[in-house]
Amino acid sequence: MENRGSIWRKWDLHFHTPSSYDYKNKGVSNQDIINNLKLAGISAVAITDHHVMDIDRIAELQRLGQKEGIVVFPGIELRSEYGGSESVHFIGIFPETADLKTLWTKLQVPLKIVPKDVKKIGNDFVYSDFKESSKVIHELGGIITVHAGSKENGIESISNVQKFKQALKKDLAVGYIDIFEVGQEKDIKEYIEIVFPHLKKDFPIIISSDNHNIMDYKIKSDLWIKSDLSFSGLLQVIREPFERVKIGFKPEQIKNYGTKKTKYIDSIEICKSNSSLPDEFWADNKKINLNPGLISIIGNKGNGKSALADIIGLLGNSHHGTFEFLNKEKFKNPKSNKSNNFEATLKWASGEEITKKLSETIDIKKVERVKYLPQRFIESICNETNSNKNFDSELKKVIYSHVDNADKHGYSTLDELIEYKTKELQDTITIYRDKVTKINEKIVNHEKLISLDYKTNIQEKLKEKQNELETHNKIKPIIVEKPEEDSNISEESNQIDNEIKKLRKQKDQLSENKTLLENELLTRKNEVESAKKLITRIDNLSLLFDKFKNESIKDLEVINFKLEDILNVSINKNKLNEYLIETQKKIRDIQDQLIGDKGIEDQLQQINVKTIELDAKLDFPNKLYQEYLKNIEEWEEKRKLIIGTTDIIGSLEYYNKHLLEIENAIPEELLEMENQRIELVKLIFKHIQKITDVYKKLYEPVQNSIKEHKLVKENYELNFEASILIQNFNNQFFKLVAHTRGTFHGAVEGNQRLNDIILKYNFNSVEDVIGFIDEIISSLKIDQRNGSMVDLESLFKKETTTLDLYNLIFSLEYLAPIYELKLGNKDLEQLSPGEKGSLLLMFYLLVDKDDKPLIIDQPEENLDNQSVYELLVPCIKEAKLRRQIIIVTHNPNLATVCDSEQIIYSHMNKIENNKISYITGAIENDEINKKIVDILEGTWPAFDNRSSKYFVKSS
């Protein structure tokens, strides 16, 4: 069963082919078109050539597109009689199933686009009557899109100057247009905020490519449409103009699905566990592929809807195991034990699969993968207290009423008081976590420096440098003795020789000066950077101090103090700024001396030129000697560079020093930093404990009151607990660490091993927290299955690092003080806004930040229809954007008004051994649409009957 219902895909509803008279590249083939559309990620395209419908080309594009999963809609772009300097263009788009030949035949005459007539008068002179053409297109089953906004040939070219033209535009929009096509995203806001309210009607807004050359396919903004990949889906978009169309960035739903594969169920498959068993229930191996959005399970009463929800809850290890179908009174009845005859497999979008027999039970010790609210569970919560409209609010008021007035510090709500009492603690934790991040950066760097690979690399570089020095020593220039003075040599030669000596001496002095200046330049630049950093740091300190002053005003007023009574801070950057200006001037002076006009570089260049000129005038022996002096000078310079100093990266001395550091200083520094990090962890935990103590102290009075209240204690067994719990660690951990090797190899096995480690520790104890950290690190570096060492970097997923892992583990962000309400032995998890009726559902849909799949069995049962429509529908529509939601429902407001992405119709044939069948699809799917009407509306006649009566009454 492949149909997942409505899916977000990229569409292009304005696209030309070489059949358009103004196409830029007539040589492209239909296969080129499909290939490039696929490359661009387009799933649906409307062929909208000017004044023509090339049915042969469209038919071939449809055949080619079908192979690549691309739906091709036949369409046509027309020029209308309206407009000013630009005529208004509009487009007709038709179903992909349309009879192309018949369609094209019926369009030509009424739209005045008979090919021979077009050819006769020329494309630039062709136009079609907007209203008449729109009527014809609608009668033939098509829809109309019109250019709008800043797009060329748009409806805005009809001026608003005269009143009748304003009326004309409104008439065209409301009576004939289905979709507006704008030219750029900035046009959208104006249409939604101004145009549509004026028209008193909402329309889909799209952006399309208007491409005239597939080899240069560009689009200003992606057009995302959520629907069946069909014309029926496009019609549904017209009915849901805002929720089914997104322009630009990927919709939130698809982004979440792409980044949280472990949080979306891909499919559920139910089958017999043994082929020899009787054919009943799911005898035919039922597999359902699921949509990542809102899934509504519908069907008549007793037809297996809750059974499907229960099975997903079982495989997702929902901790709310109060199942409607999988219980001892029904399917798990010990007498027949039918549940033992069937098994189910739940597959996650990540590829992970979980298989269980339906006779199995929930393991509360394992991680809950789905949150399931069975109908029985919802009812039990809703009926446990008096029917207050805002249970959560009333509960907090009761809790707060037990807090002594002296401890309220002038705050009127529990939330305000908690924030007041914990703010500084949270700020302190943030500071310590920042320190952990910084020290982790140093630790990761040091660990790389002492790694065998890095040390080997440095040794190899040192060896290479030693070889370089040895080779350089072997090419030392052969000594050339200075020629003896010859009385026969002219006075001129002696003068030249003396001049060269003088120039070399000048050069040596200049080179020495150059080195001194370059060293000074480096020093000055370092000084400038340090001064700038100090200035920035002072500015940051000033901002922090201002923040501190603003936050302290109220407390200072309470104790009647002025800030200067307890704290004086004086900041003066004048000297620093003067120093910075002076040093920058020195840098400019040094640069002038080095590379300025007549600077050292210029002087050296002139000396080289003069030396070359003088060398040319020497006799051969002196030339040879001067060449030797030059070569030996260059050889010595090169040798100095090879040997270098401990500060010159890449030199022999640098590598010698670095190896000594790797063997001695760095391991000692690393050990010291690791100890500092553990101390920071202790400080973070200490402050988390302090926050927990705040919770305990605030909830302690009401807890004592419950213990003393006999009726509540005996009948409800309510318990309040504040403790430190580990939250969402598994998901964060496996976002970084892959299941491909090491201790956590295998998705199921790896998760289980991590859960086993977590269960060993009490996270209310700092010793246990440090023990947990040590075991996690040890389990990563050593494969606990066989004791072999593991390279940490080899465990990570793409684009994650050791630093990411250390920041996760040592920040303790996964530990949180939590307040829990327990009802007997039934864990209600975190008690937050909404525990009764609609507010219970609001909590799970909106307040709950958990992004695991949420399954709700008949949420409408405890609410009236008005509440369903006004409260629950908006909650579900918002929640489905960030998490997968599955609801079992009989209410059309939930399945249809919530615009479910997928409908699952469940049917049990009680004549044929209770065999269960499923039909899935989008609301716009013809078969599904009929099932919705029959099941939720009581058939069309019943719906029409009710509708007509409401209409008469409202009239």
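Buried means under 20% relative accessible area, exposed over 50% and partly exposed in between, for a 1.4 Å probe and protein chains only. This is a predicted model, in which local features need pLDDT of at least 70, side-chain atom pairs count only at pLDDT 80 or more, and totals for chains, interfaces and linings use all residues. Residues are numbered from 1 along each chain as its sequence is written, and side-chain values use heavy atoms, with hydrogens and water left out.

**View 1. Overview of the protein chain and its confidence.** The protein chain contains 30 helices and 22 strands, which are DSSP runs numbered from the N terminus (helices: H or I, at least four residues; strands: E, at least two). Of its 955 residues, 46% count as buried. The average pLDDT, the predictor's confidence in each residue on a scale from 0 to 100, is 83 for the protein chain, and 86% of the residues score at least 70. Over residues 823-835 the pLDDT is below 50, although the model gives this stretch 47 contacts beyond near neighbours in sequence, a contact being heavy atoms within 4.5 Å.

View 2. Aspartate 589 and lysine 585 both belong to helix H17 (residues 574-595), where they stand four residues apart, about one turn of the helix. Their side chains meet in a salt bridge with an N to O distance of 3.4 Å, the term denoting a side-chain nitrogen of Lys or Arg within 4 Å of a carboxyl oxygen of Asp or Glu. Aspartate 589 is partly exposed because its relative accessible area is 33%, and lysine 585, at 47%, also counts as partly exposed.

View 3. Glutamate 551 pairs with lysine 423 in a salt bridge whose closest N and O atoms are 3.0 Å apart. Glutamate 551 lies in helix H15 and lysine 423 in helix H13 (residues 414-449), so the pair ties together parts that are 128 residues apart in sequence. With relative accessibility of 33%, glutamate 551 counts as partly exposed, and lysine 423 is partly exposed with a relative accessible area of 30%. Both residues belong to a network of salt bridges that links Lys423, Asp427, Lys547 and Glu551.

**View 4. The surroundings of glycine 92.** Glycine 92 has its place in strand E4 (residues 87-93) and counts as buried because its relative accessibility is 0%. When residues up to four places away in sequence are not counted, glycine 92 touches Pro74, Gly75, Ile76, Ile137, Ile143 and Ile144. The C-alpha atoms of glycine 92 and threonine 145, which are 53 residues apart along the chain, are separated by 6.6 Å.

**View 5. Helix H19 and the glycine that follows.** Helix H19 (residues 620-643) has 24 residues and should span 34 Å at 1.5 Å a residue, which agrees with the 35 Å between its end C-alpha atoms; the expected span is 1.5 Å times one less than the number of residues. The buried residues of H19 are Asn622, Tyr625, Gln626, Tyr628, Ile632, Trp635 and Ile642. Just after H19, glycine 644 takes a positive phi of about 60°.
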